[in-house]
Amino acid sequence: MAGIATVMMLITTMHLASLVRALNVNYYENTCPHVDSIVAASVHKATMNDKTVPAALLRMHFHDCFIRGCDASVLLESKGKTVAEKDGPPNISLHAFYVIDNAKKALEEVCPGVVSCADILALAARDAVTLSGGPTWDVPKGRKDGRISMATETRQLPAPTFNISQLQQSFSQRGLSLEDLVALSGGHTLGFAHCSSFQNRIHRFSPKQDIDPSMKASFGSRLRSICPSHNKVKNAGSSLDSSSTLFDNAYYKLLLQGESIFSSDEALLTHPTTKALVSKFAYSQEEFERAFVKSMIKMSSITNAEQQQIRLDCKFVT
């Protein structure tokens, strides 16, 4: 079985490598040369009105890429008896879809039928990071849009309760390494977590302990005050780090101090390789940003053979 797993990993890695070569930062140079600036304008306008937009777009891109590759299937609406990804349990809290819709509308006026929704989402995720004070990078383009979106497949997304073995398996199945895991987890520097995603760490953690002992006691108590055991406040929760609208390395510093939110965050300290990377990124924001850009380009290049069209409307198969 180990041999089969190795072969499958090799195939996945080879497929990813071939796709990276197929995508091109200049893909729209002759057909839609202003695509980057048009998408950036839509993201900027939305962010000026709502500071939660960058975190939402980054999370949306991640959730898209981990199901059927980066094919914009997360944008599709449910239809009839077919429940789409965006209505799957892990995606219920996704928002800011209108930003992609607005960018698509603007692009259709200038270059109709040219730019894929998948490329728009990849560009928007990059712009979200940059507008939050993080790095910028050239996004390879040329993705096609998928036609299939099923809520049942969202169970493949890595859960906030995952341990390091589960995380490693989830990422490796997509051709991503342990370094990619730690670097992309740094995306938690932006955003918010609802109580339900970390209740397991602050209530009845074990028969003998209410709070996860790896969590700083005062931090655990603060989270319990926000999220009581029978919480009835729909949107109660906590920021993922102390500067939730600023892209920085505070997430890693807090992780080392016992102030991480998810079990999957804390899990990064249970493996020597990932723990060393956490320390490295906590010490140097420059190292974190360099690794994050590399891993984002790698993740946003995941694809599958079913990407086969340019959708004229990102919400529907046309």
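Over the ring of which residue does the charged end of Lys-86 sit? The ring is that of Phe-97, whose centre lies 4.1 Å from that charged end, where sitting over a ring requires NZ of Lys or CZ of Arg within 6 Å of the ring centre and within 35 degrees of the ring normal. This is a predicted model, in which local features need pLDDT of at least 70 and side-chain atom pairs count only at pLDDT 80 or more, while totals for chains, interfaces and linings use all residues. Residues are numbered from 1 along each chain as its sequence is written, and side-chain values use heavy atoms, with hydrogens and water left out.

**Aromatic pairs**
- The structure holds 12 aromatic pairs, counted when the ring centres of Phe, Tyr or Trp (its six-membered ring) lie within 6.5 Å, with planes under 30 degrees apart called stacked, over 60 edge-to-face and the rest tilted.
- Tyr-252 and Phe-281 pair edge-to-face, at 5.4 Å centre to centre and 65 degrees between the planes.
- Both Tyr-252 and Phe-281 are buried (under 20% relative accessible area with a 1.4 Å probe, protein chains only; exposed is over 50%, partly exposed in between).
- Tyr-252 also forms an edge-to-face pair with Phe-288, at 5.0 Å centre to centre and 70 degrees between the planes.
- Ring pairs join Trp-137, Phe-247, Tyr-251, Tyr-252, Phe-281, Phe-288 and Phe-292 into a cluster.

**Lys-86 and Phe-97**
- The distance of 4.1 Å runs from the charged end of Lys-86 to the ring centre of Phe-97.
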